[in-house]
Amino acid sequence: MTMTVPQDEPAPGNIKVTRADWINLALQTLISDGIESVRVLTLGQKLGVSRSSFYWYFESRQDLLDQLLARWHETNTAAIVERARRPADTIIMGVMNVFECWADERLFDPRLDFAVREWARRSDDVRRMIDRADDERLSAIRDMYRRHGYDGEDAFIRARVLYYMQIGYYVLDLKEPVEARVSHLAAYLRSFTGQEPSEADVAHFMRFIAAR
């Protein structure tokens, strides 16, 4: 078996195709067509290279699939956890840190999350990964509330409301423009924190939106 090359160097004879090209096309295919369409031969045809290029970078199709799941975790889950753990002077600022994930798809890609959840319907292993990721995200948000003085059950339920609402928003595939959604920012913050946001709080998040 050809040894897998961990770095992103082009395979000999395929100087325009890199490991990142394979992963990026596989991610696009997963999102657009589902896991059953992520096939070595099909991807190679789209990239215009032979199967030998694939095996220069990956040991097997399963290796590629593992890389897709790793990318999903390193982006979608890591972004939520990092922002929930980010220092914040108030719970309102803490929640807005998490809101950044919902407002910027470079941080949290809802299409990728949905594609992996669909994949989990066909794989018990992926289902367990989804469950662990949901627990990790929820725990980080719960701990954020607890740091700001909410008791155990209140923190747990508020985390669920915040997180499940957003996942449901994606599942329902609502087509609300970002501008329309952020127009309700103050009301969302009141709902998720029980506190009244200041004009400065709202302005802070609007600057984030404008700078995306």
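This note sets out numbered points on a predicted model, for a reader who has the structure at hand.

1. Annotated regions. The UniProt record, an unreviewed entry, assigns the annotation "domain: HTH tetR-type" to residues 16–76. In the model, this stretch is 75% helix and 0% strand, and its end C-alpha atoms lie 29 Å apart. The unreviewed UniProt entry also lists residues 39–58 as "DNA-binding region". Over residues 39–58 the chain is 75% helix and 0% strand, with 13 Å between the end C-alpha atoms.

2. An aromatic cluster. A search of the whole structure gives 13 aromatic pairs. Ring pairs join Trp 22, Phe 54, Tyr 55, Tyr 57 and Phe 58 into a cluster. The reader may wish to display these side chains together.

3. The largest pocket. This pocket holds about 640 Å³ of space. Its lining comprises 27 residues, and those closest to the pocket centre are Trp 102, Gln 166, Tyr 169, Tyr 170 and Arg 181. By class, the lining consists of 18 nonpolar, one polar and eight charged residues.

4. Helices around the pocket. Which elements each supply at least two residues of the pocket lining? They are α5 (91–103), α6 (110–120), α8 (152–171), α9 (178–182), α10 (185–193) and α11 (199–211). The largest share comes from α8, with five residues.

5. Arg 181, one of the residues closest to the pocket centre, lies over the face of Tyr 169, at 3.6 Å from the ring centre. The charged end of Arg 181 also sits over the ring of Tyr 188, 5.7 Å from the centre of that ring. Trp 102, another of the residues closest to the pocket centre, forms an aromatic pair with Phe 108. The geometry of this pair is edge-to-face, with 5.5 Å from centre to centre and 85° between the planes. Are Trp 102 and Phe 108 buried or exposed? Both are buried.

6. The cavity. A search of the whole structure finds one cavity of 30 Å³ or more. The largest cavity has a volume of about 50 Å³. Its lining is formed by Pro 110, Asp 113, Phe 114, Arg 117, Ile 167, Tyr 170 and Val 171. Two or more of these residues come from each of α6 and α8, and α6 gives the most, with four. The cavity lining has five nonpolar, no polar and two charged residues.

Conventions
Residues are numbered from 1 along each chain as its sequence is written. This is a predicted model: local features need pLDDT of at least 70, side-chain atom pairs count only at pLDDT 80 or more; totals for chains, interfaces and linings use all residues. Side-chain values use heavy atoms; hydrogens and water are left out. UniProt positions are given in the numbering used here, feature names are shortened, and annotations may be inferred rather than shown by experiment. On a 1 Å grid over the protein atoms alone, a cavity is a set of points where a 1.4 Å probe fits but cannot get out, and a pocket is an open set with protein on both sides within 12 Å along at least five of seven lines; lining residues have an atom within 4 Å of a point. Grid points are joined across faces, edges and corners, and a volume is the space filled by probe spheres set on the points. Ala, Val, Leu, Ile, Met, Phe, Trp, Tyr, Cys and Pro count as nonpolar, Asp, Glu, Lys and Arg as charged, and the others, Gly among them, as polar. Rings of Phe, Tyr and Trp (its six-membered ring) pair if their centres lie within 6.5 Å; planes under 30 degrees apart count as stacked, over 60 as edge-to-face and the rest as tilted. Buried means under 20% relative accessible area, exposed over 50%, partly exposed in between (1.4 Å probe, protein chains only). A charge sits over a ring if NZ of Lys or CZ of Arg is within 6 Å of the ring centre and within 35 degrees of the ring normal.
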